[in-house]
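The sequence and the structure are shown first.

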Amino acid sequence: MGFVDHTILMFRKIVYSHLPFTYKHLSQERMHKTMLYVMFLIALSLVLMCAASIPQLMGLPGFFQEQLGKFETFKLDGQVTQSDPIYFPEDNPQIVIDASGKEPYGNELFMLTSDYLYFHLTSKPKRIKVSNLLAPLNHESEVSKIILAVILFLAPSVLFFTYFFLLIKYALIIGISSALLFAIVRVMLLIKISFRRTFNIAAYAATPMILVEIISIPFNPKYLFPLVRYFGLTIYATTTLVYLIFLVSGFLLVEDGVVQGFVEEDSKEDPVTRIGGK
């Protein structure tokens, strides 16, 4: 199966995850494939979040100008002396700070000299006088563009760390939910169901929650009614309720299949291909 086929399969799983009656098939998925699905879902959600953020990004320069206008006075002393330039990283530097005037501009992403700040984030490099930066209230438009350029420069790193932060968050939610579900089913209800099935049910049931929460990040999602915030992890009442509904309904349908014996424990065929009689 090629890359395109794998991608199509992932999108099919996203659709089927919103249909609990398909969980009797999705629950047969191999655990490592389910983990890959969750990783793909988080990455896709971040891409959709970035797309939804474009209108806000386009309005940032005006927003920064408005905020700078709230200062009555804002002046900085730009006296800096250096013996040698600072490079980051040292090999193939993308950020250079050189108040000594020894280093000519060489198309780095950012270069700060005693006279100019150079930045190259678009097709052509641009520059702004340092004196303008030291008096931002007199040059709100230029300073706002610099702030936006810095945000765009940092965006890939922020997205990278956000991805792993969210991966940890949802891995904990899915792991705890599947463990609790497994314990309740095996100990209290005495139903023989594998941990793989409970894990898969918990993972696919999290699809609506993951999509809504991540795409809503730029919009300060108060409408999701935050319940708990701990170490930056926010639990929302609305999406948690939806998650529990999908989790319970998905389990009931899978449990019915296990009891009646029509859910196969081990099949080499991809479970998704059997949905809808395919």
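The model is predicted. Its chain contains nine helices and seven strands. Of the 278 residues in the chain, 37% are buried. Among the contacts between residues at least 6 apart in sequence, 61% join residues at least 24 apart.

**Packing of α1 and α3**

Helix α1, spanning residues 3-16, packs with helix α3, spanning residues 31-58, at an angle of about 85 degrees, and the two axes are 11 Å apart. Because angles of 65 to 115 degrees count as roughly perpendicular, α1 is roughly perpendicular to α3. On the α1 side the contact is made by Met 10, Phe 11, Lys 13 and Ile 14, and on the α3 side by Leu 36, Tyr 37, Phe 40, Leu 41 and Leu 44. Sorted by class, this contact of α1 with α3 comprises eight nonpolar residues, one charged residue and no polar residues.

**Nonpolar cores**

The largest nonpolar core has 38 residues, and those touching the most other members are Tyr 23, Ile 42, Tyr 170, Ile 210, Ile 214 and Tyr 243. Two or more residues of this core come from each of α1, α2 (23-26), α3, α6 (140-188), α7 (195-205), α8 (207-215) and α9 (237-260). The most is given by α6, with eight residues. Apart from this core lies another, of six residues, which include Phe 119, Ile 128, Ile 146 and Ala 149.

What does Tyr 23 contact, leaving aside its neighbours within four places in sequence? The contacts of Tyr 23 are Tyr 16, Ser 17, Ile 201, Tyr 204, Ala 205, Phe 246, Gly 250 and Val 254.

Helix α7 is mostly covered, with ten of its eleven residues buried. The buried residues in α7 are Arg 196, Arg 197, Thr 198, Phe 199, Asn 200, Ile 201, Ala 202, Ala 203, Tyr 204 and Ala 205.

**Aromatic pairs**

Seven aromatic pairs are found in a search of the whole structure. In one of them, Phe 182 with Phe 195, the ring centres are 5.7 Å apart and the planes lie at 85 degrees, so the pair is edge-to-face. Since Phe 182 lies in helix α6 and Phe 195 in helix α7, the pair ties together parts that are 13 residues apart in sequence. Elsewhere, ring pairs link Phe 160, Phe 161, Tyr 163 and Phe 164 into a cluster.

**Accessibility of selected residues**

The table gives relative accessible areas for some residues discussed here.

| Residue | Relative accessible area | Class |
|---|---|---|
| Phe 182 | 24% | partly exposed |
| Phe 195 | 33% | partly exposed |
| Ala 179 | 39% | partly exposed |
| Thr 234 | 8% | buried |

Thr 234 belongs to strand β7, residues 233-236. Its relative accessible area of 8% makes Thr 234 buried, because buried means under 20%. Leaving aside neighbours within four places in sequence, Thr 234 is in contact with Lys 169, Pro 226, Val 228 and Arg 229.

Ala 179 is placed in helix α6. Ala 179 and Thr 198 are 19 residues apart along the chain, and their C-alpha atoms are separated by 7.7 Å. Thr 198 is one of the buried residues in α7, whereas Ala 179 is partly exposed.

Methods: Residues numbered from 1 in each chain as written. Predicted model: local features only at pLDDT ≥ 70, side-chain atom pairs only at ≥ 80, totals over all residues. Heavy atoms only, no water. Axes fitted to C-alpha atoms, helices over the stretch in contact; angles between N-to-C directions. Helix = DSSP H or I, 4+ residues; strand = E, 2+ residues; numbered from the N terminus. Parallel < 35°, antiparallel > 145°, perpendicular 65-115°, else oblique. Contact = heavy atoms within 4.5 Å. Nonpolar A, V, L, I, M, F, W, Y, C, P; charged D, E, K, R; others polar. Core = buried A, V, L, I, M, F, W, Y, C linked by side-chain atoms within 4.5 Å. Buried < 20%, exposed > 50% of the residue type's maximum accessible area, 1.4 Å probe, protein only. Phe/Tyr/Trp six-rings, centres within 6.5 Å; stacked < 30°, edge-to-face > 60°.
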